[in-house]
Amino acid sequence: MIDKYFKRPVFWDYFFAIILSTLVTILWKNDALGVPKEEYLYSTVSDLSTISLTMAGFILTLLTVLISFKSTAKRKTELSLESDSLYEIFFSTKLYFETVKNLKNAIVSLTLIAIVGYVLKLSLNSHNYYTLFSYNVFGMTIIFFTVFRCLIILSKIIKIQEDK
């Protein structure tokens with residue numbers, strides 16, 4: 001199942017976020033959920049945007065470190081499975097490029113969530129509770145799945161170290 005998720009992780013993140021935000025909004029409109037105060041909605045939009053940008057910065061730092069280490073790794077033709085480190089082997093496989101692609105997509109996704117949040121906060125009038133509430137659920141879901149995906153990637157890299 002996780003392999004299917006990692007084939008199109010951004011698609012699945014947004015798919016689940018749309019479903020969850022739609023479901024929660026429908027429940028809210030049908031009075032099955034309580035209505036948060038307007039200040040809480042605007043505050044949560046700001047918080048989600050800030051968290052999203054902060055997480056994008058952390059992931060960008062990780063990506064920069066991986067790319068920096070890659071530049072010092074040996075080429076694939078020079079590798080020896082017995083004498084080279086697991087990182088050198090990792091950097092010369094397709095797994096490295098998949099990792100970089102997933103981390104890059106996480107940065108783009110988190111940055112998009114932050115920008116949309118700030119645009120909504122600046123452009124919506126005070127009677128758009130449903131839009132703000134839907135965005136909050138959507139944004140929290142995207143942040144959760146994106147950070148979770150990055151943690152899975154990091155745990156797999158650490159697992160490589162343990163398997164040596």
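Predicted model: local features only at pLDDT ≥ 70, side-chain atom pairs only at ≥ 80, totals over all residues.
How much space lies in the largest pocket of this structure? About 300 Å³ lies there.

The largest share, five residues, comes from α6. As for the classes of residue, eight in the lining of the largest pocket are nonpolar, two are polar and three are charged.

I turn now to the second largest pocket, with a volume of about 210 Å³. Met1, Ile2, Lys4, Tyr5, Trp12, Phe16, Phe145, Phe148 and Ile152 form its lining. At least two residues of that lining come from each of α1, α2 and α6. By class, eight of the lining residues of the second largest pocket are nonpolar, none is polar and one is charged.

The next topic is salt bridges. How many does the model contain? The count comes to two. One joins the side chains of Arg149 and Asp13, with a distance of 2.3 Å from N to O. Arg149 belongs to helix α6 and Asp13 to helix α2, so this pair ties together parts that are 136 residues apart in sequence. Are these two residues buried or exposed? Both Arg149 and Asp13 are buried.

The other salt bridge links Lys101 with Glu98, and the closest N and O atoms are 3.6 Å apart. Here both partners lie in helix α5, three residues apart, which is about one turn of the helix. Lys101 is partly exposed, at 34% relative accessibility, and Glu98 is likewise partly exposed, at 36%.

Helix α5 also holds Val100. With a relative accessible area of 17%, Val100 falls under the 20% limit and therefore counts as buried. Val100 and Thr64 are 36 residues apart in sequence, while their C-alpha atoms are 9.6 Å apart in space.

Which residues make the nonpolar surface patch of about 350 Å²? They are Phe11, Phe15, Phe16 and Ile19. Of these, Phe15 is found in helix α2, which covers residues 9-29. Phe15 has a relative accessible area of 35% and is partly exposed.

Asp31 lies in the loop between α2 and α3, the latter being residues 38-72. What is the phi of Asp31? Its value is near 60°, which is positive, and the residue is not a glycine. Is Asp31 buried or exposed? At 64% relative accessibility, Asp31 lies over the 50% limit and therefore counts as exposed.

Key. Residues numbered from 1 in each chain as written. Heavy atoms only, no water. Patch = residues over 30% accessible without salt bridge, like charges linked within 9 Å, V, L, I, M, F, W, Y side chains within 5 Å. Areas by Shrake-Rupley, 256 points an atom, 1.4 Å probe, with all protein chains shown as cover. Salt bridge = Lys/Arg side-chain N within 4 Å of Asp/Glu carboxyl O. Helix = DSSP H or I, 4+ residues; strand = E, 2+ residues; numbered from the N terminus. Buried < 20%, exposed > 50% of the residue type's maximum accessible area, 1.4 Å probe, protein only. 1 Å grid on protein atoms, 1.4 Å probe; cavity = no way out; pocket = protein on both sides within 12 Å on 5 of 7 lines; lining within 4 Å. Points joined across faces, edges and corners; volume = space filled by probe spheres on them. Nonpolar A, V, L, I, M, F, W, Y, C, P; charged D, E, K, R; others polar.
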